[in-house]
Each structure stands twice: as C-alpha cells, then as structure tokens.
Amino acid sequence: MKLFLTIFVTASAMLPELWCGNLGIQLGLPVYSSVYFYAAYGPLYGIGAAGISGLLLDVIYNRYWLLTAPGWILISCIGFQAAQRWQRRKPAAPLFSGILCGAGISLWNDLIALLAGGEIPGPDIFSMLIFQSFSGGIYMLLITLLFDAVNFRCNLPQFSGSASGNRFTGGRI
C-alpha cells in the first residue's frame, strides 16, 4: 500500500508540474511529496520519488543535462532534515521544511539557468524566492494534513506520528 500511494501521489504531483513547466515555471511539487514520504515511510520512498520524478521531468522536456533529479534528491533530504530538527507533531515542522524546500527549488532553478545559459525563471530572483518559499510552506502544510488523514485511515505511518515511538492509534512501524 505504501508503494502504491507513493507512485500515485508522485504521478499526481507530476501533472500540475508539467502544466506549469509548459508555462515556464518549475514549482517542484513532487519534492514536497517526496519529503513527506521520506519522513513517513523512510528514505528509500522519499529519495526514489524525488529521483524518478526529476528524471522523468528531464526526459519529458528533452534536457541535455539531467540535473533535476540530483537537485530534487538533495532538496528533499534537506527538507527532511529540517523536519527532523523540529518536533514533527507540531505544524511548524512541515511549514518550515516546505519553506526550506521552496527556497532550495528556487535557487536550484536559478543555478541551472545560469549554468545552461538560459533565462532565469520568473521576473527576478528575489520575487521567485519569496513566491517559492511561501507557496512551498503552505503546500507542504496542506499535503501533510491531507496525507496524514489518508495514512491514518489506511493504517500506515504518518509524518506527524513518526517522530517518536509514540504513534497515533492507527500507525504501525
């Protein structure tokens, strides 16, 4: 069930990512779901979701350098470490990790644009950094609330319940 949920949610996050990518904006929505899966199910699920979605995005857009996958893996690991530092039962953990992931995605997109010689996405670096950070924090908070409810009903580990040995009634190791 964990693998099915990981694949389904990652594929569902790829669809708006492709829509926005066709408009020239890379939001990095699969990164937030990979941070959630990294925290709830383990590192293999999170790194796999980030790596495969980044690789698929590079292949779909026929990019010469496949740099999205390693960047998204690095950003999801940093986002998980930020969530790990906070008490994951509190809403500040997904909010802060989402803000950090959004800033990482914005800076990674700017770095790739500078290295590839392309245009920097968005009007300027600062406004995209603020937009990505703010929307990333809100998005991560919302998907944590949604997926924790789904995982509770499916008797799966949760983001907020996996911080300590004390789990909610529905969680299992």
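How many salt bridges does the count come to in this structure? The count comes to one salt bridge, where a salt bridge is a side-chain nitrogen of Lys or Arg within 4 Å of a carboxyl oxygen of Asp or Glu. Before the details, some ground rules. This is a predicted model, in which local features need pLDDT of at least 70 and side-chain atom pairs count only at pLDDT 80 or more, while totals for chains, interfaces and linings use all residues. Residues are numbered from 1 along each chain as its sequence is written, and side-chain values use heavy atoms, with hydrogens and water left out.

Back to the salt bridge. Side chains of opposite charge can pair when their charged atoms come close. Here the partners are D58 and R63, at 2.7 Å from N to O. D58 is buried, at 0% relative accessibility, whereas R63 is partly exposed, at 30%. Buried means under 20% relative accessible area, exposed over 50%, and partly exposed in between, with a 1.4 Å probe and protein chains only.

Rolling a probe the size of a water molecule over the atoms shows where empty space is left. A pocket is found on a 1 Å grid over the protein atoms alone, as an open set of points where a 1.4 Å probe fits, with protein on both sides within 12 Å along at least five of seven lines; lining residues have an atom within 4 Å of a point.

The largest pocket has a volume of about 550 Å³, a volume being the space filled by probe spheres set on the points, which are joined across faces, edges and corners. Its lining has 22 residues, and the closest to the centre are Q26, R63, N109, I112 and A113. Two or more lining residues come from each of α1 (2-22), α3 (43-60) and α5 (92-116). Helices here are DSSP runs of H or I with at least four residues, numbered from the N terminus. The largest share, six residues, comes from α5. By class, this lining has twelve nonpolar, six polar and four charged residues. Ala, Val, Leu, Ile, Met, Phe, Trp, Tyr, Cys and Pro count as nonpolar, Asp, Glu, Lys and Arg as charged, and the others, Gly among them, as polar.

The second largest pocket holds about 230 Å³ of space. Of its 13 lining residues, T6, I7, G48, A49 and I52 lie nearest the centre. α3 gives the most to this lining, with seven residues. Nine of the lining residues are nonpolar, four are polar and none is charged.

Next, the aromatic rings. There are ten aromatic pairs. Rings of Phe, Tyr and Trp (its six-membered ring) pair if their centres lie within 6.5 Å; planes under 30 degrees apart count as stacked, over 60 as edge-to-face and the rest as tilted. The Y36 and F37 pair is edge-to-face because the planes stand at 75°, with centres 5.8 Å apart. F37 and Y41 are stacked, since their planes are at 20° and their centres 5.4 Å apart. Y41 is buried at 9%. One aromatic cluster is formed by Y36, F37, Y41, Y45, F147 and F159.

Last, the largest nonpolar core. A nonpolar core is a set of buried Ala, Val, Leu, Ile, Met, Phe, Trp, Tyr and Cys residues joined through side-chain atoms within 4.5 Å. This one has 30 residues, and Y36, Y41 and F159 are among those with the most contacts inside it. α2 gives the most to this core, with nine residues.
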